[in-house]
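Here is a short briefing on one protein chain. Look over the sequence and the structure first, then work through the points.

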Amino acid sequence: MCRKTTNGGKADKRRNGSGTLCRKRGSKFWYAVWMKDGRRFQVSTHRETRKEAEAVLADLTADYARGDEARMLETVKRNLDRARRKRMPLEKALDAFLGDAERGPLAETTVSHHRGRYSRFLEWMSQNRAGVKFADELTVADARGFMATVAAGQTAKTFNDYRALFMQIWDTLLRCNAVEVNPWKEIRRKVRVAHSKRELDAGLLARLFNAAQGEMKTLFAVGIYTGLRLGDAVSLDWGAVDLVRGFIDATPHKTRKHGTRVHIPIAPVLRE
């Protein structure tokens, strides 16, 4: 029988309806004990730390005080399920998602982006919620707090990308029975505001070109007269330039994985 309480008194001498915590000899779990109308109740919290056990005790006694025995039994079952669950440390959640067999392989760049964003999340948690160690402890308030920092310095697209990543991670944990809920679903997507792009007219192009000097002028000329993106213009080498036939034969970065090449005629101004 569990007799000694957290304050050294007897568990069966507590006032009507109040509760306390105690341990059984040889048990690693705290037990919730309370009296009601002369009846003594004792239930394992399935918690090893006193702080966590106190939260379970508060739920149990509140349910019973309302006369809601059915809800009390649900609370007992919920905490038993938590005790049986293999808890997922926060720092391991991303690896669980990346290793999910139900999801196809990701590109290396995508994995790198995911790791960078998750590292930012872990850093925020360590600074603001250091006591949260497991994924099932994360609350909606935690998710909102972190996403507020993302919203402060990023576009709506980046915000939505963060939200989508964390929703997918916690959905994976739900399937693994490592969490009960997905707090990220309470975060609303941001509406993306479309910005129109005004084309540069000939006058603006001339001013930009005339202001450029040296290799920068060459780079501007390549971009203007070939339509290549900045990265492709910068990395263009002489091996792709055929001055005899008057063509540039290159593979843009965007189409490199498909092996698609482009054949661009060299304009007279660019040739000079």
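The points below go from the whole chain to a sheet, a pocket and a few single residues.

The model is predicted. The chain has 10 helices and six strands. Of its 272 residues, 32% are buried.

**The chain as a whole**

- The accessible surface comes to about 17800 Å². Carbon and sulfur atoms account for 52% of that surface.
- Consider the contacts between residues at least 6 apart in sequence. Among these, 44% join residues at least 24 apart.

**The sheet S4-S5-S6**

- In what order do the strands of the open sheet stand? The order is S4-S5-S6, three strands with antiparallel pairing.
- Strand S4 covers residues 241–242, and strand S6 covers 262–265. Both stand at the edges of the sheet. Each has a single partner strand, so one side of each is left without a neighbour in the sheet.
- Strand S5 runs over residues 247–250 and pairs with S4 through two bridges. The sense of this pairing is antiparallel.
- S5 is also joined to S6, by four bridges. These two strands run antiparallel as well.
- Follow Ile-248 of S5 across the sheet. Val-241 stands opposite Ile-248. In S6, the bridge partner of Ile-248 is Ile-264.
- S4 and S5 form a hairpin, with four residues between them. Gly-246 sits in the turn and has a positive phi of about 80 degrees.

**The two faces of S5**

- In a regular strand the side chains alternate between the two faces of the sheet.
- Which residues of S5 are on its covered face, and which on its uncovered face? Ile-248 and Ala-250 make up the covered face. Phe-247 and Asp-249 make up the uncovered one.

**The second largest pocket**

- Rolling a probe the size of a water molecule over the atoms shows where empty space is left.
- The second largest pocket holds about 520 Å³ of space.
- How many residues line the second largest pocket? The lining has 22 residues. Nearest the centre lie Thr-218, Val-222, Leu-236, Trp-238 and Leu-270.
- Three helices each supply at least two residues of this lining: H8 (215–226), H9 (230–235) and H10 (268–271).
- Helix H8 gives the most to the lining, with eight residues.
- By type, the lining residues of this pocket divide into 16 nonpolar, one polar and five charged.

**Pro-252, in a loop by the sheet strands**

- Pro-252 lies in the loop between S5 and S6.
- Is Pro-252 buried or exposed? Its relative accessible area is 11%, so Pro-252 is buried. The cut-off for buried is under 20%.
- Set aside the neighbours within four places in sequence. Pro-252 is then in contact with Asp-232, Thr-260 and Val-262.
- Pro-252 and Ser-235 are 17 residues apart along the chain. Their C-alpha atoms are separated by 9.7 Å.

**Ala-151, in helix H5**

- Ala-151 has its place in helix H5, which spans residues 140–153.
- The relative accessible area of Ala-151 is 28%, so this residue is partly exposed.
- Leaving out neighbours within four places in sequence, Ala-151 is in contact with Phe-159 and Lys-190.
- Lys-190 is 39 residues from Ala-151 along the chain. The distance between their C-alpha atoms is 9.0 Å.

**Two asparagines**

- Asn-128 lies in helix H4, residues 108–128. With a relative accessible area of 45%, Asn-128 is partly exposed.
- Asn-128 and Phe-146 are 18 residues apart in sequence. In space they are 9.2 Å apart, C-alpha to C-alpha.
- Where is Asn-177 placed? Asn-177 is in the loop between helix H6 (156–175) and helix H7 (202–211).
- Phi of Asn-177 is near 60 degrees. That is a positive value in a residue other than glycine.
- Asn-177 has 44% relative accessibility, so it counts as partly exposed.

Conventions:
Residues are numbered from 1 along each chain as its sequence is written. This is a predicted model: local features need pLDDT of at least 70, side-chain atom pairs count only at pLDDT 80 or more; totals for chains, interfaces and linings use all residues. Side-chain values use heavy atoms; hydrogens and water are left out. Two strands pair if DSSP finds at least two bridges between them. On a 1 Å grid over the protein atoms alone, a cavity is a set of points where a 1.4 Å probe fits but cannot get out, and a pocket is an open set with protein on both sides within 12 Å along at least five of seven lines; lining residues have an atom within 4 Å of a point. Grid points are joined across faces, edges and corners, and a volume is the space filled by probe spheres set on the points. Ala, Val, Leu, Ile, Met, Phe, Trp, Tyr, Cys and Pro count as nonpolar, Asp, Glu, Lys and Arg as charged, and the others, Gly among them, as polar. Buried means under 20% relative accessible area, exposed over 50%, partly exposed in between (1.4 Å probe, protein chains only). Contact means heavy atoms within 4.5 Å. Accessible areas come from the Shrake-Rupley method with a 1.4 Å probe; for residues, only the protein chains shown count as cover.
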